[in-house]
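Okay, thanks for coming, everyone.

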Amino acid sequence: MLHRFDTLVIGSGLAGLSAAIEASRHGSVAVIAKLYPTRCHSSAAQGGIAAALGNEDPDSPEWHVYDTIKGSDYLADQDAVRTMCEAAVKTVIGLEHMGVPFSRTPGGKIAQRRFGGHTKEFGAAPVRRACYCADRTGLAIVTTLYEQSQRRGIKFFPEFHVLDIMMEGDRCLGAAAMEIRTGEICAFSACATILATGGYGRVFRTTSNAIQSTGDLPGILLEKGLPLEDMEFFQFHPTGLYGLGILVTEGARGEGGVLVNGKGERFMERYAPHIKDLAPRDMVSRAITTEIREGRGVGERDFVYLDLRAIPEKTLSERLPEIMNFCRIYMGVDPSVAPIPVVPTAHYAMGGIPTDQGGRVMKNEAGETTLGLFAAGECACVSVHGANRLGCNSLLDTVVFGRRAGEAAGKMKDIFMVEAAAESEEVLGPAKNTVSEILRRRGDEKTGAVRKDLQELMMGRCSVFRNEAGLKAALEGIKELKERAKHIAITDRGKRFNTEVLEAIELGRLIDLAEVIVSSAVQRKESRGAHSREDYPERDDKNWLKHTFAFKKAGAFKTEGNIEFSYRPVSIAGFPLRKREY
Ligand SMILES: Cc1cc2nc3c(=O)[nH]c(=O)nc-3n(C[C@H](O)[C@H](O)[C@H](O)COP(=O)(O)OP(=O)(O)OC[C@H]3O[C@@H](n4cnc5c(N)ncnc54)[C@H](O)[C@@H]3O)c2cc1C
């Protein structure tokens, strides 16, 4: 089957939907998603979207810029941060006008709450900057944008799994995807293709991410010789439900929740005396891990408590209803009467596909771009989050840069025409080979078992704290897992809904990404943001104030295993580097 559109969007999260709506002003648009569109991970976003509206406290976009750069441990590109924060107010008002049901102040304005690292007057005190719809902010925005997409005649292809990007030299011609229902592999040709496939937290055992967050497209680009940027920076959110990883939004601390160790101490007072529990996530996750390691976890166990009992019940039920339900259903804990057992959970990929501010995918550290190929949202790296993302800045990033990518991509049809790619073996060959290669495998390994061992390995060796010996051991382990993956036996030989084949393909991408994450972590010999090296505990601006570009090809600057590295300078535009204190 052959489909042809002016713009093809892969992914129906907030980045994909924002891009699609913008591109639809210029021509025809298709959105492909491997699940039903509104089941994207964006729908799970709880706490809010950041914008300096100043509805509850005095606020300014300039303070938002400052907080984002400081939160990023100075690795974010400052010009891109400015673009995002200055667009934030208009973006949130625009969403409101589209119909997003934001929670309200008693006076009827969009309500705002505190979130980690968001401050007023350049760090003086926490500020209420997060706009929210109770604790279902993502679902509310996704549903609204999905409705708007329907209204604009955007064509959706739900349950189509993209297996390949079609390239002709340096130019992208579209994608090849399997229709999961039939097993048929189809070609989608387009003048511009936007990748908006979200995160890849499933590389870790304890994660807040959806089952579908497997990084398929970054994996495909890597194979095509394109780089991935800053992959060593993976955010651990401080408060995942113990044993499950399900997220408890930072909004819970924003509303007054506090972290407590096994001795009943509010330990964040020691790590961030100024803003305590509302310090950025990397600092809080390190603090929790340190408390547990030094024997101050709760009881004999490896967790701490998040205590919400000081928050009035009305606030809990109106502003955190989902969290209350999660705790009751999954933990048997009622947060209004008992504290919640929490641990850091793998949450957000700061790194990803390098792009410029128009979403154009960079093919090298010099910033040259790939014609017709765009990326936005969590799979991309603009980079506005640097080494550590502030809460509520991802939803903002997806909408702001999703739109910019949609705008630039939509205009591609005026620049060049893409002939409908023939449904030839040449175009669909690589996608078909991916499937037939998996089906040919023989052996006694199971996808689930190999994936579990990968996730354990990454959790043990490459999570909140890292060191050279652990990372090198992880690379050895990954090598073995690659071998084991070659012996996965597929029992379902049918075509319809063959999720067994798709899971094996996803596992292959996860292993490749794990290798890039670990290799990138080995080579960066400093501690910055979420990348905390026990053997190099200090930030080293002299040598490491630069973005890592990881390639799977020969000819780059330096080699660690199968991955090669080059570097791109950080854009500094007005905010000098300082020690990060909170
Ligand atoms: C539990 C949770 C709570 C969060 N809360 C907040 C918050 O309050 N505020 C905030 O700013 N951020 C929050 N985040 C982060 C934020 O939600 C995500 O970073 C953001 O929503 C990602 O959006 P996206 O559009 O890039 O991708 P996603 O929403 O992840 O969408 C990815 C899309 O790509 C599709 N896809 C992937 N691979 C393929 C393939 N091979 N073929 C076809 N389709 C494919 C998927 O089906 C999906 O439609 C939260 C994250 C989590 C996990």
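So, which residue has a backbone N or O atom 3.3 Å from a nitrogen atom of the ligand? That's Gln46. By polar contact I mean a pair of N or O atoms within 3.5 Å.

Quick housekeeping: this is a predicted model, with local features needing pLDDT of at least 70 and side-chain atom pairs counting only at pLDDT 80 or more, while totals for chains, interfaces and linings use all residues. Numbering runs from 1 along each chain as its sequence is written, and side-chain values use heavy atoms, with hydrogens and water left out.

Who's around it? There are 38 residues around the ligand, and His41, Ser42, Gly47, Asp216 and Glu378 come nearest (near means a heavy atom within 4 Å). By class, that shell has 15 nonpolar, 19 polar and four charged residues; Ala, Val, Leu, Ile, Met, Phe, Trp, Tyr, Cys and Pro count as nonpolar, Asp, Glu, Lys and Arg as charged, and the others, Gly among them, as polar. Helix H11 gives the most, four residues. Helices and strands here are DSSP runs, H or I of at least four residues and E of at least two, numbered from the N terminus.

Next, the helix pair. H13 (447–461) and H14 (468–485) pack at about 175°, axes 10 Å apart, with axes fitted to C-alpha atoms over the stretch in contact and angles running from 0 to 180 degrees between N-to-C directions. So H13 is roughly antiparallel to H14, the label for angles over 145 degrees. Residues in contact (heavy atoms within 4.5 Å) include Leu454 and Leu457 of H13 and Ala473 and Ile478 of H14. That contact has ten nonpolar, two polar and three charged residues.

Val382 and Ser383 are joined by a cis peptide bond, omega about 10°, and Ser383 is in the loop between strand E18 and H11. Tyr74 isn't a glycine, yet has a positive phi of about 70°; you'll find Tyr74 in the loop between H2 and H3.

How values were computed: A polar contact is a pair of N or O atoms within 3.5 Å; within protein, one must be able to donate a hydrogen and the other to accept it, and residues adjacent in sequence count only if both atoms are side-chain atoms. Angles under 35 degrees count as roughly parallel, over 145 as roughly antiparallel, 65 to 115 as roughly perpendicular and the rest as oblique.
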